[in-house]
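Biologist: I have a model open and want to learn how to read it. Can we take a few features in turn?

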Amino acid sequence: MKNALNTAPQELKWIVPFLCLGAIALTTARTEPVPPLPQGARVVVDTRGKEVPIELPFRGSVLTRGTEVTGYLVGTRAPETLLAATAYKMGDRVRNHIIGDIFPEVVNNPRIWASEGISDTRGPKVEIERMLQFDPGVFMGWYTLAEPFERVGIPFIGFRSFPATEEELGYSVRIYSRVVGTPERGEAIVARHERLNRELGEELADKYPSRKDLSPPRYLYVLSHDDSVVILGAKNHYTRFFAPHAEVVSACDCPYFFSTVDPERLHLYDPDIIVLGPQPGEQLPDEFVRDPRWQGLTAVKNRRVYRAPPGIDYFIAAPFWSRWLAELSHERLEPKVRNEYRDYVDWLFDYELSTAELDIAFAVADNRAMAKVERFQARESRE
């Protein structure tokens with residue numbers, strides 16, 4: 001070693017002590033210990049492929065941005081396991097939905113909404129301390145929110161921002177069910193959705209054996225306000241998954257999840273059908289067709305502007321949304337989405353929807369002045 005030091009260039013001699021220290025450190029390095037799973041833990045694999053151990057007995061869930069309270073209640077039927085919902089205005093999805101009537105203990109629990117609005121896509125804000133006070137078994141939300149929780153050893157199940165396949169579309173209901181320990185419920189729901197989509201496709205093929213007779217209309221899902229117009233683009237669930245099942249095509253060329261556009265752009269697209277969002281504050285069909293900005297649109301002239309059915313849209317119960325849009329678009333289809341939805345809710349929650357509740361679910365009053373809405377009005381004496 002001495003000879004080596006004597007022959008080394010003078011300017012490199014200072015490196016030698018550090019190399020020696022590094023060699024010593026490598027000989028003593030140890031793999032960081034992995035803590036054992038909590039006794040009796042269930043393991044759920046999230047969208048990142050990460051195995052997330054959830055301690056048993058299960059202490060409940062906190063839902064952050066990227067999750068849905070309605071979807072959680074559908075997938076679990078366990079309102080007692082919902083400890084908090086932190087995404088901004090997430091409560092509207094329950095308060096303005098029939099699920100709020102089915103689960104009043106969720107709507108009326110101030111503790112669930114105490115931290116509403118304190119999470120965003122870049123990670124929880126400084127109020128993370130308030131979220132930790134719930135001491136849940138698991139947090140859930142977009143995977144971009146996970147790091148602050150996992151840094152302090154809190155289980156976090158990450159969701160993908162935008163589903164890319166129909167299998168991913170059913171991801172959330174499966175995950176919710178697995179988290180509470182009833183995976184068979186999630187699988188049964190996904191299987192029923194797949195069957196409903198398949199039956200719709202078979203019925204369309206039967207009623208329209210010639211593709212030429214089908215003539216898919218061009219549609220847009222629009223969020224319209226006084227000062228802005230948002231359209232749902234190619235990456236959105238509605239455009240990517242629901243519209244193809246309904247045999248309609250998107251009128252826009254927007255490649256994103258959604259885009260803000262000017263009124264001139266909407267006139268350029270000129271869709272045959274316009275669907276308006278069901279959220280409070282959105283323009284209603286009557287307001288939309290009277291708005292000076294939209295005069296001349298084909299959908300307006302033909303009174304083919306509809307409020308999306310909030311009972312379906314806020315689930316999101318994908319096969320019923322597709323069926324609703326298909327029945328609006330293709331007159332040969334038997335109008336049965338209303339009865340199918342009633343049966344579905346009965347199966348899902350042991351809850352029989354009344355005629356009035358079905359009217360609200362399908363926005364009958366809001367769409368009354370539009371074309372073809374008689375298809376979604378009460379028919380059977382069973383209602």
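Biologist: Is Glu287 buried, partly exposed or exposed?

Modeller: This is a predicted model. Glu287 has 36% relative accessibility, so it counts as partly exposed. Glu287 lies in helix H15, residues 285–290. On the surface, Glu287 gathers with Asp226, Asp227 and Asp286 in a patch of negative charge.

Biologist: Which class does Ala365 fall in?

Modeller: Exposed means over 50%. Ala365 reaches 57% relative accessibility, so it counts as exposed. Ala365 sits in the segment after helix H20 (355–361).

Biologist: What span should helix H19 have?

Modeller: Take 1.5 Å times one less than the number of residues. H19 has 13 residues (337–349), so it should span 18 Å. Its end C-alpha atoms are 18 Å apart, which agrees.

Biologist: How many residues of H19 are buried?

Modeller: Ten of the 13, so by the under 20% cut-off the helix is mostly covered. Among them are Tyr341, Tyr344, Leu348 and Phe349.

Biologist: What about backbone angles?

Modeller: Most residues other than glycine have a negative phi, and most peptide bonds are trans. Asp270 has a positive phi of about 45°. It is placed in the loop between helix H14 (263–269) and strand E11 (273–276). Asp350 also has a positive phi, near 55°. Asp350 is in the loop between H19 and H20.

Biologist: Where is a cis peptide bond?

Modeller: Between Leu56 and Pro57, with omega about 0°. Pro57 is in the loop between strand E2 (51–54) and strand E3 (61–63).

Key:
Residues are numbered from 1 along each chain as its sequence is written. This is a predicted model: local features need pLDDT of at least 70, side-chain atom pairs count only at pLDDT 80 or more; totals for chains, interfaces and linings use all residues. Side-chain values use heavy atoms; hydrogens and water are left out. Patches are made of residues with over 30% relative accessible area and no salt bridge: like charges are joined within 9 Å, nonpolar side chains (Val, Leu, Ile, Met, Phe, Trp, Tyr) within 5 Å. Accessible areas come from the Shrake-Rupley method with a 1.4 Å probe; for residues, only the protein chains shown count as cover. A salt bridge is a side-chain nitrogen of Lys or Arg within 4 Å of a carboxyl oxygen of Asp or Glu. Lys and Arg count as positive and Asp and Glu as negative; His and the chain ends are not counted. The place of a charge is taken as NZ of Lys, CZ of Arg, CG of Asp or CD of Glu. Helices (H or I, at least four residues) and strands (E, at least two) are DSSP runs, numbered from the N terminus. Buried means under 20% relative accessible area, exposed over 50%, partly exposed in between (1.4 Å probe, protein chains only).
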